[in-house]
Amino acid sequence: MDYFLTEEQAMIRDLARQIAEEKIVPVRRELDEKEEFPWEIMKVIAQSDLFGLFIPEEYGGLGKGSLELCIAVEEISRACLGVSTTYAANALGAYPILLFGSEEQKKKYLPDIASGKRLVAFGLTEANAGSDAAGIQTTAKLTGNEYVLNGTKQWITNGGEAEVYTIIALTDKTKGPRGASAFIVEKGTQGFTFGKKEEKMGIRASSTTELIFENCKIPKENLIAKEGMGFVVAMKTLDNSRGGVGAQGVGVAQGAFDEAVKFAKQRVQFGHPIISFQAVQHMLADMATDIEAARALVYSVARFIDSGAKEITKESAMAKVFATDVGMRVTTNAVQVMGGSGYMREYPVEKMMRDAKILQIYEGTNQIQRNVIGQALMKKQK
Ligand code: COS
């Protein structure tokens with residue numbers, strides 16, 4: 001399918017594909033087995049300027065948008081979702097500053113994020129606040145010129161490895177979601193430590209840790225936007241990043257599909273390559289159609305976001321839910337097409353299937369995405 005990418009967008013795709021094939025594919029199995037953070041690959045991505053894709057030129061980025069980011073995420077995801085999670089979560093962490101930061105905050109943080117010098121992480125989730133994001137308990141109390149943070153964030157992607165953290169905490173416990181505020185916290189700040197590194201089913205190259213705040217004092221200038229805007233900052237951040245999770249679904253599905261087709265052409269049973277059997281052809285046909293539909297939706301939503309549309313909540317939820325369900329379905333069927341070989345670690349599809357599962361869970365479960373779409377439909381009818 002021709003998605004009518006500009007010359008520049010095609011160049012970004014080719015560059016990300018080259019990095020994926022040359023630098024990620026050869027090491028993905030080892031990174032998965034050793035649960036090793038992909039620093040070497042992050043350096044290559046930084047040298048290629050891909051961290052700055054969505055950051056405006058005035059802050060050292062390339063001044064591109066969601067579509068370019070989705071294209072890069074998709075290509076990296078084709079090779080390894082663990083690596084692409086690290087890359088995409090960096091954008092997630094940067095969005096609160098990009099969308100709501102003051103001029104000073106943007107000047108201070110975005111150039112280093114664009115160059116890949118400093119990784120970012122987004123801290124919303126807590127032990128008792130996952131789908132119910134408004135249920136957070138971490139507090140931030142203004143004392144003189146400082147906010148004092150107390151609480152623990154859980155399952156934070158890039159935890160421990162990132163230098164900069166955008167954190168949602170309560171400045172007024174009595175106000176529910178309207179009592180939340182967003183902050184920038186730097187690694188190394190006194191009272192800010194990391195808990196255990198999680199051992200995961202998939203995306204094992206990525207780092208997932210707790211963030212622990214114990215009387216952690218940060219300058220009051222590190223408040224993003226205004227007190228009480230934290231929940232909106234978080235929701236708008238997720239609105240902008242969920243399309244990227246959809247792109248991860250497209251990428252991992254494409255990666256698994258390519259392996260399944262290659263295998264089905266080579267594997268001979270009953271005297272014929274298994275791709276000649278209609279049962280296998282039908283599975284591959286559904287997989288190919290799913291992938292194209294998911295890519296078309298993800299690119300359309302990214303273009304919609306880049307057009308400057310204000311209301312993107314429903315559409316980004318649709319891209320996330322559809323493309324990540326495709327990611328799970330296609331990787332599972334790739335294992336099925338490849339049979340016993342697909343189940344073995346010698347082939348990459350078992351890892352892709354393990355990795356794909358998280359896409360239906362993080363940045364809002366796919367059940368929550370359907371709630372978000374449903375709520376938007378209800379509002380429209382009023
Ligand atoms: N953009 C702007 N504002 C939004 C918004 C959005 N996308 N979604 C909600 N809000 C606002 C609402 O308008 C409401 O504001 P008012 O109080 O001024 O009316 C406020 O935020 C609370 O919204 P709501 O009542 O809908 O909140 P709920 O607690 O019912 O939950 C969902 C809303 C389910 C959408 C939200 O909690 C969610 O997305 N959960 C999943 C979170 C997630 O992705 N977790 C993964 C960890 S982050 S990587």
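**A ligand shell and a domain contact**

The ligand is surrounded by 18 residues, each with a heavy atom within 4 Å of it. Thr125, Ser131, Arg178, Arg242 and Gly364 are the closest. The model is predicted: local features need pLDDT of at least 70, side-chain atom pairs count only at pLDDT 80 or more, and totals for chains, interfaces and linings use all residues. Residues are numbered from 1 along each chain as its sequence is written, and side-chain values use heavy atoms, with hydrogens and water left out.

Look next at the polar contacts, meaning pairs of N or O atoms within 3.5 Å. Glycine 364 places a backbone N or O atom 2.9 Å from an oxygen atom of the ligand. Threonine 313 brings a polar side-chain atom to 3.3 Å from a ligand nitrogen atom. Glycine 130 has a polar backbone atom 3.4 Å from a nitrogen atom of the ligand. The ligand taken alone exposes 980 Å², and the protein buries 68% of that. These accessible areas come from the Shrake-Rupley method with a 1.4 Å probe.

Which elements give two or more residues to the shell? They are α7 (230-266) and α11 (366-381). The largest share, six residues, comes from α7. Helices here are DSSP runs of H or I with at least four residues, numbered from the N terminus. By residue type, the shell divides into eight nonpolar, five polar and five charged. In this scheme Ala, Val, Leu, Ile, Met, Phe, Trp, Tyr, Cys and Pro count as nonpolar, Asp, Glu, Lys and Arg as charged, and the others, Gly among them, as polar.

Now step back to the domains. An automatic or database assignment sets their bounds: domain 1 (7-119), domain 2 (121-230) and domain 3 (238-381). Domain 2 and domain 3 each give at least three residues to the shell around the ligand.

Domain 1 also meets domain 3. Their C-alpha centres lie 21 Å apart. The contact (heavy atoms within 4.5 Å) takes 23 residues from domain 1 and 32 residues from domain 3. Between them the two domains bury about 2,100 Å², the accessible area (1.4 Å probe) lost on being put together, summed over both. Carbon and sulfur atoms carry 59% of it. On the domain 1 side, Glu74, Arg78 and Leu81 supply 28% of the area buried against domain 3, more than any other three residues.

Conventions: Polar contact = N/O pair within 3.5 Å; in protein donor to acceptor, adjacent residues only side chain to side chain.
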